[in-house]
Amino acid sequence: MKPARLLLLSCLCTLLFACANNDEQRTEVQNVTEAYEQAQDSIARGNYRRGIQIFEAIQARFPFSDLSRQIQLELMYAYYKSGQQEQAIDAAQTFMRENPIHPQVDYALYIEGLSYFEDGAGILERLFRKDITNRPPKELERAYSSLRRLVERFPASEYSPDAEQRMLYIKNRLAAYENHVADYYLRRGAYVAALNRAKTSLEQYNGSSANARSLEIMAAAYAKLEAYPARLALVFQLTRWAAGGADADAVDVESMRSGIALAKWFAGEARRVYRMLSETDEERQVTQLVEWIERKGGAVTVRDLQQGRRKCKTAD
């Protein structure tokens with residue numbers, strides 16, 4: 001007898017032990033066991049729709065039970081194999097939320113990661129081998145997060161080796177996208193933004209095949225930034241010359257100092273704006289709250305803090 005069948009019979013016997021007489025119990029166990037095996041057989045033959053229907057019917061009959069938890073595992077696999085990634089992700093997340101210490105949490109994490117991975121690849125890339133590395137890989141970022149949690153929490157899991165291989169692919173893909181954005185900024189003269197994006201690619205996805213390109217973009221951005229102070233110094237020198245306060249034949253120390261100071265200010269403002277644009281709404285509210293506390297002298301009461309939070313939300 002297969003382990004799954006033994007588990008099924010054990011769960012059913014527990015559920016039905018006090019529900020009816022022995023004959024009725026045996027009939028119920030037999031009916032559900034046959035339905036369970038029919039669903040498994042349907043999925044094995046690729047008839048996912050039929051298998052899912054049967055599993056969902058059994059789950060509705062025995063909610064909040066050990067059997068229901070086993071059905072959840074079966075369903076998340078069937079959803080994933082049938083291309084219903086959203087349902088697979090929802091089933092996996094529900095299972096982990098309701099059973100945080102279940103011995104098969106690693107499997108749920110694996111299915112969640114695979115489902116995000118399939119969503120992230122996209123039909124154009126899978127069917128037509130079209131390069132879409134220039135598109136925002138949101139689903140792949142989620143896949144990477146799920147698979148990384150699996151590898152970190154369950155290094156001895158049977159699913160970890162495959163998760164690690166997929167993470168390598170995702171890392172290269174995410175790094176390539178960061179470089180694509182960095183190159184876009186570089187070509188448009190936003191050198192600080194290009195530098196920050198290439199640096200992010202290098203730091204977060206160290207070891208990827210895109211690291212060499214990240215270094216190239218950083219070198220190009222630094223080269224452009226180094227020329228800014230001299231250009232600004234020339235502007236200051238000509239402005240002072242036009243006002244009758246400097247020589248037009250050479251850039252003096254005062255103009256150089258002004259050019260360097262203004263270049264540093266521009267760089268700082270660019271970093272601030274770039275950081276602000278990349279913040280989530282929650283992070284922005286936290287930043288505003290911290291600034292409000294600093295304006296209050298660095299110490300506030302609980303009541304003041306509650307009022308401050310409301311003000312920050314209202315400001316948004």
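**A conversation about the model**

A: In this predicted model, the side chain of N211 comes to 3.3 Å from the backbone oxygen of Y205.

Q: Which side chain does N211 make a polar contact with?
A: That partner is the side chain of S208, with a distance of 3.3 Å.

Q: And where is N211 found?
A: N211 belongs to helix α11, which covers residues 211–242.

Q: Is N211 buried or exposed?
A: N211 is buried, because its relative accessible area is 11% and the cut-off for buried is under 20%.

Q: Leaving aside neighbours within four places in sequence, which residues is N211 in contact with?
A: With those neighbours left aside, N211 is in contact with S201, L202, Y205 and N206.

Q: Let us change topic. How many salt bridges are there?
A: The count comes to 9 salt bridges. One of them joins the side chains of R187 and D183, at 2.9 Å from N to O.

Q: How many residues apart are R187 and D183?
A: They are 4 residues apart in helix α9 (residues 160–187), so about one helical turn separates them.

Q: What about R213, which residue does its side chain meet in a salt bridge?
A: The side chain of R213 meets that of E216, at 3.0 Å from N to O. These two residues are 3 apart in helix α11, so they too are separated by about one helical turn. R213 is partly exposed, with a relative accessible area of 35%, and E216 is partly exposed at 46%.

Q: Which residue does E254 meet in a salt bridge?
A: The side chain of E254 meets that of R240, at 3.2 Å from N to O. E254 lies in helix α12 (residues 253–278) and R240 in helix α11, so this pair ties together parts that are 14 residues apart in sequence.

Q: What does I170 touch, not counting residues up to four places away in sequence?
A: I170 touches F117, L140, A143, Y144 and L147.

Definitions and conventions
Residues numbered from 1 in each chain as written. Predicted model: local features only at pLDDT ≥ 70, side-chain atom pairs only at ≥ 80, totals over all residues. Heavy atoms only, no water. Buried < 20%, exposed > 50% of the residue type's maximum accessible area, 1.4 Å probe, protein only. Polar contact = N/O pair within 3.5 Å; in protein donor to acceptor, adjacent residues only side chain to side chain. Contact = heavy atoms within 4.5 Å. Salt bridge = Lys/Arg side-chain N within 4 Å of Asp/Glu carboxyl O.
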